[in-house]
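Hello,

Here is the structure I promised to pass on. Please have a look at it, then read my notes below.

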Amino acid sequence: MALNKFQPFHVSISSNTLLLLDFHSHLTRSEVVGYLGGRWDTNSQLLTVLRAFPCRSRLKDTETAASVEEEIYHSLFLRGLSLVGWYHSHPFSPALPSLQDIESQMDYQLKLQGSDNSFQPCLGLICAPYFRGNHGAQSTICPFWIMPPAEHRPNDYGIPMEVEVKFVQDSFLANDILHDMASLAARIPKDARFEAVLDQIYRVLS
């Protein structure tokens, strides 16, 4: 599916956010999902993404979804952040939104907009860690949003729009990011690919 380009807002994403969601996406060959926390400035029309919040459950695990989401909302509140978007992985396919992704993104956009019709953007982000079309070992990252269908055609799918993003280098790797990485890795079967990474994380934490 092709992406168009048009966005009525600006976006910046911190390097710690990208590190954590990319790490999360690499840990399993199944799809993962998580939320994005940050701030929305109506004056500058700038959406700042400051933190990734991985869901510690499988993408379609409805039994634990409610408790996981409650934990994430609590973490957002403690950090003084708002929910500004979500991310998920396409392990072996391109980082392009599917029809299901378009529907999910539209749902999130409507929920964040609320009942007063005040505009607040919601960022969708797809990470493709193992797609063979990637250049080298680097993941493909696709930030996007959905332009809603025309009012006279409400049953049409929205149009996926590629988001231009400014990436901001954090001055340090936060301790809670390292703890999240270790916690995520501990939940999957040990694999030789991750042993060296885990050892490094535990060394930093100790």
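The chain has 206 residues, and 40% of them count as buried (under 20% relative accessible area; exposed is over 50%, partly exposed in between, with a 1.4 Å probe and protein chains only). This is a predicted model, where local features need pLDDT of at least 70, side-chain atom pairs count only at pLDDT 80 or more, and totals for chains, interfaces and linings use all residues. Residues are numbered from 1 along each chain as its sequence is written, and side-chain values use heavy atoms, with hydrogens and water left out.

Next, the overall layout. The chain holds five helices and nine strands (DSSP runs numbered from the N terminus: helices are H or I with at least four residues, strands are E with at least two). Their order along the sequence is β-β-α-β-β-α-β-α-β-β-β-β-α-α. Take the contacts (heavy atoms within 4.5 Å) between residues at least 6 apart in sequence: 70% join residues at least 24 apart.

The largest nonpolar core has 27 residues (a set of buried Ala, Val, Leu, Ile, Met, Phe, Trp, Tyr and Cys residues joined through side-chain atoms within 4.5 Å). Val11, Ile13, Leu21, Leu36, Val49 and Leu123 have the most contacts inside it. Elements giving two or more residues to this core include β2 (10-14), α1 (15-26) and α4 (175-186). α4 gives the most, with five residues. Another core lies apart from it, of eleven residues, including Val33, Cys55, Leu76 and Leu83.

Two residues are worth a look. Leu123 touches, among others, Val11, Leu36, Trp86, Phe144 and Val163, leaving out residues up to four places away in sequence. Ser12 sits in strand β2. Ser12 is buried, at a relative accessible area of 9%. Beyond four places in sequence, Ser12 contacts Leu46, Leu47, Thr48, Val49, Lys166 and Val168.

Last, the helices. α1 has twelve residues, which should span 16 Å at 1.5 Å a residue; its end C-alpha atoms are 16 Å apart, which agrees (the expected span is 1.5 Å times one less than the number of residues). Buried residues of α1 include Asn16, Leu20, Leu21 and Phe23.

How do α1 and α4 cross? Their axes come within 10 Å and cross at roughly 5 degrees (lines fitted to C-alpha atoms over the stretch in contact, with angles from 0 to 180 degrees between N-to-C directions). So α1 is roughly parallel to α4 (angles under 35 degrees). Asn16, Leu19, Leu20, Phe23 and His24 in α1 meet Ile177, Asp180, Met181, Leu184 and Ala185 in α4.

Best wishes

Key
Parallel < 35°, antiparallel > 145°, perpendicular 65-115°, else oblique.
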